[in-house]
Structures are given as C-alpha cells and as structure tokens.
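Here's a quick tour of how the inside of this protein is put together. Have the structure open while you read.

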Amino acid sequence: MSVLTFLGGMRAALGVLAVRRACCHSRSAHTSPQTLVYKPIKKVMVANRGEIAIRVFRACTELGIRTVAVYSEQDTGQMHRQKADEAYLIGRGLPPVAAYLHIPDIIKVAKENDVDAIHPGYGFLSERSDFAQACADAGVRFIGPAPEVVRKMGDKVEARAIAIRAGVPVVPGTDAPISSLQEAQEFSNNYGFPIIFKAAYGGGGRGMRVVREYEELEENYQRAYSEALAAFGNGALFVEKFIEKPRHIEVQILGDKYGNVIHLYERDCSIQRRHQKVVEVAPATQLDPHLRDRLTADSVNLAKLVGYENAGTVEFLVDKHGKHYFIEVNSRLQVEHTVTEEITDVDLVHAQLRICEGRSLPELGLKQDKIRINGYAIQCRVTTEDPARGFQPDTGRLEVFRSGEGMGIRLDSASAFQGAIISPHYDSLLVKVISSGKDLPAAAAKMSRALAEFRVRGVKTNIPFLQNVLSNDQFLYGTVDTQFIDENPDLFNLKPVQNRAQKLLHYLGHVMVNGPTTPIPVKAKPSSIDPVVPAVPLGDPPKGFRDVLLKEGPEGFAKAVRAHQGLLLMDTTFRDAHQSLLATRVRTHDLKKISPFVAQNFNKLFSIENWGGATFDVAMRFLYECPWKRLQELRSLIPNVPFQMLLRGANAVGYTNYPDNAVYKFCEVAKENGMDIFRVFDSLNYLPNMLLGMEAVGAAGGVVEAAISYTGDISDPMRQKYSLDYYLKLADELVKAGTHILSIKDMAGLLKPEASRVLISSLRDRFPDMPIHVHTHDTAGAGVAAMLACAEAGADIVDVAVDPMAGMTSQPSMGAIVACTKGTKYNTGISLEKVFDYSEYWEVARGLYAPFDCTATMKSGNADVYENEIPGGQYTNLHFQAHSMGLGHKFKEVKKAYVEANKLLGDLIKVTPSSKIVGDLAQFMVQNSLTRAEVEERADELSFPLSVVEFLQGHVGIPHGGFPEPFRSKVELERGKTLHIKALALGDLNKAGQREVFFELNGQLRSVLVRDTVAMKEMHFHPKALKDVRGQVGAPMPGKVVEVKVKEGQKVEKGQPLCVLSAMKMETVVNSPLSGTVAKVYVKADSSLEGDDLILEITE
C-alpha cells in the first residue's frame, strides 16, 4: 500500500469518526435518551419499476450507494433494470402486477444479494405494512416509516381516527372498512349523495369511485373493490361524504428517528381526472396564509402523534369556504414530490436515504426555519392516454420520442425512448415534466415551451390537453378545484398534431412491404412469349461513327457529322421511346439481348440514346438495377455506335441543382464508362445552368450537344414570346460557349413542318458549319412530316424509334423515315429489311411490359397537343394517373387545366422538371375545382404543391420573361420544411404480422411497423368491430377482459353493462349501445384485446 493511500484511508476513517461524534453530540441535544448509531447504507434495492426506480437509483449513485433493480417477465426491456448496478427477475410465471406484489421473491433477492435497504417507491407495496414488517424480519431496512406507522396510516379508517385525536378536521365517513354493499347503502341513507368509495390500503385514484345516485351504487362498489384488489392486493373500501368542488391540497412532511418533524410546504393537486392527478403546482396559488399555517401545523402535529419517520404526505380537501378536511396520509414518496424539491431545493430521496441511515434532520441542515419557498414549480404527467376518447389508455410502440428540455425544465422518465413498448399492464405514465419559474405564469410558459418541443409518435398522449390547461386563464391567474377539467370543456378542443414525417414514413413503409397502393387501371398481364433475337453474324461489328469519334475527338467527330452525305438517325428505342410508352420499365436484360444485332446492322446510326434522364431513378427505385452496370454492359456489346445521354444541365440526371464538382465528376465517370455524346439542356433554357453542364462535359472529354428546348409556334405571328429571334439569340450563346453540336429539343412534338423549315433553315444560314440535331415526339401524328421538313431545311440528324416503339408520345417511326428517304439525297444508309427484323423483336418484347404500356389507357395520339403543349412522356403519365384515380373521364379537363396552369406560371418551356410543375398545378386545380381566375384571386391562401412553390422561389432557374406577377408575390413561399428520407432496411415478419421498416429521417434513425397484408392472410387475428355496422361492439381501448356480464341469446337494454375491461390497472365498463339480443360473444375472461377488437354482436 502506498503512503498516499494509507494517509487517504486514515483521513476517511477520522472523517467517519468525527461524523459519529457529531451525531452523538447533536442527537443528545434534541432527542430522547434513546441512543441510535449512524449506520451507512451500502446497497439499496428499489421494489418498484419505471421512473421512480430510476429516480432512487440516481440519488443512490450520487451518494455512493450501489443499486439493485427487480423486474417482472414483462419488463425485461424496461430502462429501470439497465440503470441499476444489478437487476434480478421476480415473480416468474405471475401476472405483470402480481410480480411486483410478491413479497417472498423480493425479500429473497434482497437477502441473496446483500441488500442493506429497500426503497418501495410509490404504488405496489409502498404502503403495505406487511411488506415493511417482512423487511424488518429479514434484517433489511425499509426506507420509509416503521411497519406499525405504515399500518396505521395505510388503514384509512385508523388514520382518520388518529386525525380526530390530533384535532384535525375530517370528512364524515365510516369508522372502519365496509365489508358489504349493504353497509354502503346504509351510509348513503344516513348522509345522502354524493358519496365516494376509497381503497383502504392504497391511493393514487385506484379503487376510488364517486356515486351520485342510488342506481349507480352497486356497479361502482363492485368496480372500486375490483380495482383496489388488483392494485393493492386487498379490496377493502371505506366510504365517506363527497365534498363538492374542493381544492386538493397536500403537505410534504419529513420526520427522523428522533421525533423531529418538519413540513416542506404544500402542493396543489386539484387538476385531476378519474381522481388521478394530472398537473401539480407548488406552492398552492392564492392560498390564504392563515390557512397555509393551519394545514402545515395540522400535518406536523399528526405526524408527531404517530412518531412518523421518513417522507410522507398529508392530504386535505379545502372547500369553497376555506375549511379544510383531512383525507389521508400517504406514508411514502409521492409522484409529485418533484415540485416540492424544485421550490425548496431539498432532495427528498437523499433525505429519505440519510434518515434511514440514522441521520437527524438538523444534521442534514433541515430545520423548519431554514425551509423557504423559492418561486413556483409545475409538474405535468405526460401519459399515453387519449383525451379525445375519455383519456382511454393507449398502448403500442414509441416510433418517435423527442423530449422538450432547456432552462427551468426537469424530466423524470423511464420508458420514454424510441422503440419502447407501452404495455397495458402498468400505469400509463410516460414522463414527468417539471418546470420552475419566479411565478406561476413564468413556470407555465417554460412548461408550454417544453411540451411544444415534444415529439411522440406511435401512441396517443395527453400533451395537447396539457397545453390547453397551461394556457387557461383560470389556471394561470385564478384558483382551480377538482372539477376544473369537467367544467372546462374547451380543454378538449385539442389541436391536432401534424405528424407529417411519420405519416410519410408509414406510407413509404407500406409501399415497401405491400407494394404500391395506386391501382393499375387495367388488368393487363405480361406476355408469356419471349422475343426472338434475329440472326447475328459472327465476328466483330463493322466500324461506325464511334470509331470516328475515338480517332478524331469531339471536334473531328462534329466535322465528320457535318460533312456526311445523307440524313443521320439517332435511335431512342433504348431510352426515350420506352420512357414515353412503357414508363421506363424496360430491363437491361432485354436491351442486352438485342444489342449484338444492333451493333452488326445499325453501324450507320449517328448514335443510340440509352442513358440519363429517368433511367437512373427508375433503374434503382423500380427495377433494382445499377444504371452504371447497364452502361458498361451495353458498351461492351455495342462498341461501334456512339452512345448519347440526356444531361439536365446543373441537375445532371436528378431533379435539383447539384454542386458544380458533383456535376463535373458525374460527367467524368460517365465518359469513362462508355458515354460519348451528352445532350445538355435546361427545362427553362436558363443559360447559366446549361453552361455548367457544357463545361462539365467538355472537361470530361465528351461531345457537347447543347439543346434548346422548343415550345410555342414560331410560325404563328400571334405567339411571339418564344419567337424565332429568341431561339437564334440563344443559339448564338451556345455556339459561342463551344458546343460541338446544336440541338432542338421538341419535347411536346410542337414543331409543325412549316415551323421546322423556318427554324432549321435560319439556324443553318447562321451556323453553316455546325451540325444540327432535332428531337421531337409524335403525339399529334405529324412527327415524320416534321422531321422530313427539318432534313430538307438543313438538319443533319433526327431522332427516331424502331416501329413498334414509335408513334403516339414516342418518337417518329424509324421505318417510315428510312423508307421515305430511300433513293433521295437524304438516304439514311440503313437497310429497311433489318429495320423489319429489329421491329419484330421489339413487337414481342413490348408485350412483356403490358401492365405499364400506355396503350392500356390511351389508344392514340391527339393533335390537341398543339393547344395544351404537354410533353410526350408527361402526356402518357397524366393519362395513366387520371385513370388510376378514377378521373379517366375527366382527362379532357386535366388537359384544359394544363393550359390554364401554364398561363398562370407565365407560359413556360415545358420539359422535365418544369413540365412537372405545370402538371402538378393542373391536377391541383382539377382536384380542387379551381379556375385560373380563382387561383389568381386566392393565391395568398391556397396551399400549392411543393414543386410550384419551389419554382416560384427560383429553385429551378429563372424563366424567360421573368416570374409571373402578381401571382408569385401572393404565394406563401414556406421555407425550412424539407424532409430528407432514406430507406434503409426491411425487417422480418413478427408474430403480429408486421415488418419493421427502417428509415433515416433528417439524419436520425426512424422505424415504423407495417402490417404485411399478404402474410396476414395466413395468420389468425381477432376480428375488428366495424363502426358502420350497428350492433357490433368494439373494445374502446386495449386491455384485458375482467368479466363478461352477458351470454349469447340474452336480451339487453341500451346502457346495460356488457363486460368490464382493465388497462393500466384502471377498469372500464363497456355498456350496450342499443337494446336487443346478444347474437355472439367473441371474448371471455382474461382475453387480451386491442382497440376496436370485436367484443360481441347485438341484433335488434
């Protein structure tokens, strides 16, 4: 042993000796000749659960005392067993409450593990004298009064007699516990109604029932007896006259082993429901000082009379005349002890432990003249009860728990954490929130703020109700009595919680487990016939334009394209064609099968569009494929034809602006994996966004094809917002920026032959050396004519799709263009016979995707696209969505609304994502039956789709001509409400037929339980009561059936009791909603029920 250790040990020993000498000296001055020795506690067991167990453990840890927890089989996952140094199972095989009432097990665990003292907490055995005696008999200290005092105070009748001897006023009542209903009837005959039953051996509102009429007497007697028996192991009751509208005031007392007793002032516990306290305040507001003196003096006198030791509470009723009546003594620590601690700065649990060790109150610095009130404190009991349904207990899993904290806030909890299971077996208390301030309004303001910060999801709570109490003027500035809740119905005007994030997670989880809920409007099934790949010759494919690109680079490639004789084609079959017709659902598998044939027979193609755009999100979200792997595999199979992709400028392949370095890196990696030509566009032709994409492609070594999105009609002199001059000036900027190829992107198929000739010839005249590429859709059916007109006007390349994948909202027919140019100077050099073979494959392959085929709801294109200007892919999607929502017959209205929405937004260029913005606003208008004029007039009050709001905020870019005013200024642009959600994993099926779905929400782990509808078909579950079926009686809350009071075939009257449920130790009678005959009973005693489970059926 070192010298320092030895000296430290000596110092400690001398310190203990000094304390003992001081103790002896101090006690001799103020106690009887009895000599008591200070005996430190080394290990404490808490014979309880939940937050009170943790409260005591924390105090023990602060005092250097080791802790022991006990737990029932149902509490294996509870936090209190994790907070203790040691934890042991008790009551194996017993019901949940009975486990904590099993004295032999508790004493056995204490003896086997060298426990010095047992703290009973509150509830359970805390006021059982036989438990206190069992501790004493086992040589274990009971942290509380002596067994005989516990017995006297726990027996409400004897406590009443003692109060009378002490000169304390009492309420008229029975002198002893009653043993029969007849005794209760005799009392009511003598004193009249109302009367109240109270449990003789416990408190907390258990076994307490108010009876106002003779007809209610028998039922309430039975319920009170049953509750008391379940909660305290003894159903004995006493009955007394019920004082109307009293204040419930209680006084905190502390006594030591030497006859010293002090009070720590009072608490007001008048805000109650079902005789259980909801909100407690210390000190009591607007309490007459003389009344306070009488209350505290009576409490101290009563405690001294019985030799009270340790912490306790003396409870009183104060009537409207200021007269006080003794109710009872709770010989234990109260749930609401916290508010007393906050205003007196006295740690009551520390004091309990020290008193049990043999310390006197003066030694602990606890003298009456030193106890002062400092400010106000409020305690709110946050419970898992639904105020909207009569405070019915709710059970389940805490999916989200976030508490309110900060200055002036204290939290005492145990089961309040994400993932905790709230069972029906125990009290509904979730967390105690305690606030303190210089006065009641200040403390209430802190409490309101803290409760507003709480986020509890998965179970109902009383937080909205508590918030209403805290804002009530009577509570803040007047006095309240025990009828406060009943007389203030506005407290139940509860503000609904938004719960947006959790609702969204539930929806996403349901989709992940059970699939999409949106019905497919047709029952088309995939074809059972696999497509046959045409014969492919052996050997390497012939050279194509990609060989030119690899040899000459982007600039040389562009020159070769411009110098080429004849019309070049880009095949969109591998991307935009199936995006427009089949919702982008074509798998890599089917693209790979036909790729060798394409490489061998279509080497004269300018390029194949096979990547970018919607490919990314569909591949990952629906096909569960890697888009990068698709690019790599297709590249290895088609080495000779250039690949082309769609790049949304600064958005890359997403729907929002990305950091510049991300766009640069994306283009670099895409080029490395086989991409050649990047068609760069912006949905608003917003030049800064396009320039970023062009620079990123150039830096990666790709071919830059800058695309101007086309809208309007330059051949119409009445429509000149997007005039020929507009397009030419934009082309000037793009050519100046260094594009290799200039593209016109006609997403809606609006280019008529005449407009094609005017636009393309003007571009050709201005840029004679620049390759010109034209993209369109065939929605109106004029696509072939328009593309031929473009070729005649000087276009080098036009987009086509193989015949079975062409037409309607897709691109013009490859076969038609090849046939029409054959034998002319625009000859494509592609074999028409090979086009036929290519078509045969895709005709069968398309059948594999029948459930997604646009022809399921749309049988043809429509020339009204020249009026509504809906892009091809979006036209298909809107048509499908309208049918899915049962609005197929209103599609014409949707198209008209699209026109009006476009005008509202200032006549936009409509390409993804701007086209989606217009579409969202159009559907919003149809769903809400709004005209354009009504939207403009009510813009400041409507809740617009998020895409519309973000567009007006400038997230997408700045439209040509600026934002629409005054429409934009009227719309409320709410900021800071973005939810970032990432799906992580899907759990295994549990016994309840649920799967746990894990998400990351705003950087935090969240999970929801989702019923697997397929798996549940093979599992048995209790039937639910249907609310719209008269006579089906469902469980009003989760719980256990205590008693079934009727049988099948029995006639019942409306309001007649049918059965009794017990949840969280409170019993509820389920009454008949109508008169009739019991047709079938679905439950029996001890059945465990969930909310709305079917109890029985009644026929009229």
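This is a predicted model: local features need pLDDT of at least 70, side-chain atom pairs count only at pLDDT 80 or more; totals for chains, interfaces and linings use all residues.

Let's start with the cores. The largest nonpolar core takes in 130 residues, and helix H33 (residues 914-927) is its top contributor, with 7 residues.

| Core | Residues in it | Some members |
|---|---|---|
| Largest nonpolar core | 130 residues | Leu 569, Leu 763, Tyr 838, Trp 842, Phe 944 (most contacts inside it) |

Tyr 838 is worth a click. Leaving aside neighbours within four places in sequence, Tyr 838 is in contact with Asp 571, Thr 573, Phe 574, Ile 594, Phe 597, Val 598, Phe 602, Val 802 and Met 814.

Now for the loop between strand E13 (324-330) and helix H12 (337-344), where Ser 331 sits. Is Ser 331 buried or exposed? Ser 331 counts as buried, because its relative accessibility is 2% and the cut-off for buried is under 20%. Again leaving out neighbours within four places in sequence, its contacts are Ser 126, Glu 127, Pro 145, Val 150, Met 153, Tyr 308 and Ala 311.

Last, the helix pair. Helix H2 (residues 50-62) and helix H13 (residues 348-357) have axes that come within 9 Å and cross at roughly 65 degrees; the crossing is right-handed. On the H2 side the contact uses Arg 55, Val 56, Ala 59, Cys 60 and Glu 62, and on the H13 side Leu 348, Val 349, His 350 and Leu 353. By type, that contact has 6 nonpolar, 1 polar and 2 charged residues.

Methods. Residues are numbered from 1 along each chain as its sequence is written. Side-chain values use heavy atoms; hydrogens and water are left out. A nonpolar core is a set of buried Ala, Val, Leu, Ile, Met, Phe, Trp, Tyr and Cys residues joined through side-chain atoms within 4.5 Å. Buried means under 20% relative accessible area, exposed over 50%, partly exposed in between (1.4 Å probe, protein chains only). Helices (H or I, at least four residues) and strands (E, at least two) are DSSP runs, numbered from the N terminus. Contact means heavy atoms within 4.5 Å. Axes are lines fitted to C-alpha atoms, for helices over the stretch in contact, and angles run from 0 to 180 degrees between N-to-C directions. A crossing is left-handed if the near helix is turned anticlockwise from the far one by less than a right angle, and right-handed if clockwise. Ala, Val, Leu, Ile, Met, Phe, Trp, Tyr, Cys and Pro count as nonpolar, Asp, Glu, Lys and Arg as charged, and the others, Gly among them, as polar.
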